[in-house]
Amino acid sequence: MGDGTAIAGLGMTELGKVYGRSPRRLAADAVRLAAADAGLAPGELDGLIVSHGLGGSPGIELADALGMRDLRLLTQMNSFGATAGAMVAHAAMSVRSGAASAVACVFADAPLKPKQSSGAAYHRDAREWYGFGGMTAALGLRSVNSFYALAAQRHMARYGTTSEQLGAIAVATREWATRNPLAQMRDPITLEDHQNSRWVAEPLHLLDCCLVSNGAIAVIVTSAERARDLARPPVHLWGWGQGHPGLRKERGSEWGLTTGAVASGATAMKMAGVTPSDVTVCELYDCYTYTVLVSLEDYGFCAKGEGGAFAASGALGPGGSLPTNTGGGQLSAYYMWGMTPLSEAVIQARGDGGERQAPSNDVVLVSGNGGILDHHSTLIVSPHPKGA
């Protein structure tokens, strides 16, 4: 039942070191840009789904700021990096059920401040540690970086994954970014550069970790029938799924070895009627190189434990067999949580990629990953109507 809906508009504000605008203002700008891209007036939208970053804004008051009236759908969602896929799925189901006809989904964040490091932008105030969490804090696991480093270490210990294999992902992603005029980091890098970059949390080097960006991105979801008559080519929604494995960080757990991509990918691909061999472009959530590697395995693009060798084969970069994160991803382009892979999927499905356009865009897979491997979403999109 994934056919019948499409993404008709994409709105992207300036992204990166963008100062002087609040997340709410950025979100409002993105919604207006997305509506204009679709050829719709803001007043023709009757649904709005809002998601924010760590700053806690914007919320549903964004509708009032935009002057939206008589909405039939207004809500706020947050499953962290999995939210973008979840918002689009919720919007698509609302359109298909008749609950709404044109829904804007928007994410905005502005953690960067002038003269402040990217690391400081994501520093949380000291929290109260208690229970099992207090034990891990006493062991030094106090940040997102340290937990993802632990997950990567576990994958390395079980399957022999190497730092150089993670580096191959960073190099391939940067190669794509050199072709994206909107990417924050466009200078080519080598595997040696990766290996020489400083440790953030071993085994993660600096070049294994995503950027921090200010900005906002919005998309407009409507029926495929209506999208055909709008300003831009529709990006058809073939399938969607979620996975929330609930794995605990304890002995015997599969945490770090497998993710919610298993369930969300299987659900989305079954709905879309495709298999991994049908996917021609991947836009994966790459908060770290490790999440790309483990997602490739969990989606079935290679066997479990062989993600490192698959990445090192050159499959992911320009000219590879599975073009992945073609805009430079979160590692090299911009970090807008799940909107980073989603926006690039829309660009690729429309054929708007310019120098970075993948040779085949028939089936594009989009992933989202939230928390510390806690939440996952998957979308399957295409320039073609499902079944055409």
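**Exercise 1. What volume does the largest cavity have?**

*Solution.* The structure is a predicted model, in which local features need pLDDT of at least 70, side-chain atom pairs count only at pLDDT 80 or more, and totals for chains, interfaces and linings use all residues. Residues are numbered from 1 along each chain as its sequence is written, and side-chain values use heavy atoms, with hydrogens and water left out.

Step 1. A cavity is a set of points, on a 1 Å grid over the protein atoms alone, where a 1.4 Å probe fits but cannot get out. Grid points are joined across faces, edges and corners, and the volume is the space filled by probe spheres set on the points.

Step 2. Under this rule there are 4 cavities of 30 Å³ or more. The largest cavity has a volume of about 70 Å³.

Step 3. Lining residues have an atom within 4 Å of a point. The largest cavity has 15 of them, and Glu-283, Gly-329, Thr-340, Pro-341 and Glu-344 are the closest to its centre.

**Exercise 2. Determine which helices contribute to the lining of the largest cavity, and classify its residues.**

*Solution.* Step 1. Helices (H or I, at least four residues) and strands (E, at least two) are DSSP runs, numbered from the N terminus. Helix H13 (329-333) and helix H14 (339-350) each provide at least two lining residues.

Step 1. Ala, Val, Leu, Ile, Met, Phe, Trp, Tyr, Cys and Pro count as nonpolar, Asp, Glu, Lys and Arg as charged, and the others, Gly among them, as polar. The lining then comprises 4 nonpolar, 8 polar and 3 charged residues.

**Exercise 3. Describe the second largest cavity in the same terms.**

*Solution.* Step 1. Its volume is about 40 Å³.

Step 1. The residues lining the second largest cavity include Gly-81, Ala-84, Gly-85, Leu-342, Val-366 and Thr-378. Two or more lining residues come from each of helix H3 (83-97), strand S10 (364-370) and strand S11 (375-382).

Step 2. This lining holds 4 nonpolar and 7 polar residues, and no charged residues.

Notes
1 Å grid on protein atoms, 1.4 Å probe; cavity = no way out; pocket = protein on both sides within 12 Å on 5 of 7 lines; lining within 4 Å.
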